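Good morning, everyone, and thank you for making time for this.

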Amino acid sequence: MSIQIYILSKLTEGENYPYKLKKKLSEPIPFDKMGNLTESKLYYHFESLTKQGLVEPREIIKEDHRPDKQVFAITDKGREQLPNKIYELFEKAKNISEMLVGIMFLQHVENARVIPILEKKLEVLKEKQEQFQVIYNQIQIDDSMRDQVDFVHSYYSNNIANELHWLEKLISKMKDIKE
């Protein structure tokens, strides 16, 4: 879904072709390599979006000694569905890293609709943090396993605290943005 959001968002800026979008994704940070995005995956998503009626081919650019470039444009249906795909991404995301593409394209959604989704995730994460601490406090373990249990506790506690920090920061920034 993230790749499709990226494609649709970029096509709102104008017609484009897959290879050029992949190249844009790699500059200045190589997100394509970080996300293991290959050209075949990108073309697959273009084909899927075409079948859904969200994008359409506009022209084929032919150049000597180069592969043909198929140029795509977003459809009206694609413009309509883009915000829904972003909302769905936020709803389904298990952590901030799964929200990054949605965060990059917040201009296509209403903050007032995203903030409650994030606040619910924050609430659930705080409950998880409390439950984890209760479980840890109830663990009865002999001294031979204490270091391992403390390590695991520290690891999970720090991960939850980090996720809470970034969720709170994101919510705060979104509340500060004027719609």
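Let me begin with a definition: a salt bridge is counted when a side-chain nitrogen of Lys or Arg lies within 4 Å of a carboxyl oxygen of Asp or Glu. What you see is a predicted model, in which local features need pLDDT of at least 70 and side-chain atom pairs count only at pLDDT 80 or more, while totals for chains, interfaces and linings use all residues. Residues are numbered from 1 along each chain as its sequence is written, and side-chain values use heavy atoms, with hydrogens and water left out.

By this rule there are 8 salt bridges, and Glu-15, Glu-56 and Arg-58 are joined in a network of them. In another pair, Glu-13 bridges to Lys-10, with the closest N and O atoms 3.7 Å apart. Is each partner buried (under 20% relative accessible area), exposed (over 50%) or partly exposed (in between), using a 1.4 Å probe and protein chains only? Glu-13 is exposed, with a relative accessible area of 53%, whereas Lys-10 is buried, at 18%.

Lys-175 and Glu-119 also meet in a salt bridge, at 2.9 Å from N to O. This pair links distant parts of the chain, since Lys-175 sits in helix α8 and Glu-119 in helix α7, 56 residues apart; helices here are DSSP runs of H or I with at least four residues, and strands are runs of E with at least two, numbered from the N terminus.

Turning to the interior, a nonpolar core is a set of buried Ala, Val, Leu, Ile, Met, Phe, Trp, Tyr and Cys residues joined through side-chain atoms within 4.5 Å. The largest such core has 37 residues, of which Ile-7, Phe-90 and Leu-118 touch the most other members. Elements giving two or more residues to this core include α1, α4, α7 and α8. Which residues does Leu-118 contact (heavy atoms within 4.5 Å), leaving aside neighbours within four places in sequence? They are Phe-90, Met-99, Leu-167, Leu-170, Ile-171 and Met-174.

Finally, the axes of α1 (residues 2-11) and α4 (residues 39-51), which are lines fitted to C-alpha atoms over the stretch in contact, come within 10 Å and cross at roughly 70 degrees. With angles running from 0 to 180 degrees between N-to-C directions, this makes α1 roughly perpendicular to α4, a word used for 65 to 115 degrees. Among the residues that meet there are Ile-7 and Leu-11 in α1, and Leu-42 and Phe-46 in α4.

Note on methods: Angles under 35 degrees count as roughly parallel, over 145 as roughly antiparallel, 65 to 115 as roughly perpendicular and the rest as oblique. Contact means heavy atoms within 4.5 Å.
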